[in-house]
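Trainee: I'd like to go through this one and ask where the labels come from. Can we start once it's on screen?

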Amino acid sequence: MTRVCLLGEAESTLQYELLSRETAREALATYDLTRPFENAIALRTVSVGAAVSLLNDLDWYLTRFVDEALVQEPSVSDTEWLSRSLATQLRNGDVEPAETAEFCKVYGLERIDAADGDADDADGSDDAAPAGGPPYRLVEPLYVRRTGGELPAYDLRDVEDTLVVRVTEAEFA
């Protein structure tokens, strides 16, 4: 199954913005929505084509309320995500899965403290959030180029983990 994750803009509450509007709510109604990160919504689709089609259907809302739309395609990687542009190129056959790994955007994953009021106890899973909210927030992306098959370490701040997003060369520049 292909996963989609929408990262909300800082000025908006993504879940409210999408689900309070009839067209977006109807487009998302058939999916089981989760909150893997603070101000994010994730879901599973049957293919990268279905994921890109859903993102195209939601484009008006994505332009206004979403900072980034990510797609995770198991035929490319089980752990790394694709930017919307790269997923579209993959779906259109403009790029092969093996050609997607060079340019990356690496986010730091910072645990949300219970004191923040956003999370209680987290199990570390990125599939679903605990009842109190998501356990992590994404912080400061670092653009890196994979050399010799290895990604440079995330060094913008101390974080518990990272989230790697493969991007197009144009997005990297």
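**What the labels rest on**

Mentor: Start with Leu6: skipping neighbours within four places in sequence, its contacts (heavy atoms within 4.5 Å) include Leu14, Leu18, Asn39, Leu55, Leu58 and Leu62. Bear in mind that this is a predicted model, where local features need pLDDT of at least 70, side-chain atom pairs count only at pLDDT 80 or more, and totals for chains, interfaces and linings use all residues. Residues are numbered from 1 along each chain as its sequence is written, and side-chain values use heavy atoms, leaving out hydrogens and water.

Trainee: What makes a set of residues a nonpolar core?

Mentor: They must be buried Ala, Val, Leu, Ile, Met, Phe, Trp, Tyr or Cys residues joined through side-chain atoms within 4.5 Å. The largest such core has 26 residues, and Leu6, Leu14, Leu18, Leu55 and Leu58 have the most contacts inside it. Among the elements giving it two or more residues are strand S1 (2-8) and helix H3 (48-57), with H3 giving the most, 5 residues. Helices (H or I, at least four residues) and strands (E, at least two) are DSSP runs, numbered from the N terminus. There's also a second, separate core of 14 residues, which includes Tyr136 and Leu163.

Trainee: Why is Glu140 called partly exposed?

Mentor: Its relative accessible area is 37%.

Trainee: What is the phi of Glu140?

Mentor: About 25 degrees, a positive value although Glu140 is not a glycine. Glu140 sits in strand S6 (residues 136-145).

Key: Buried < 20%, exposed > 50% of the residue type's maximum accessible area, 1.4 Å probe, protein only.
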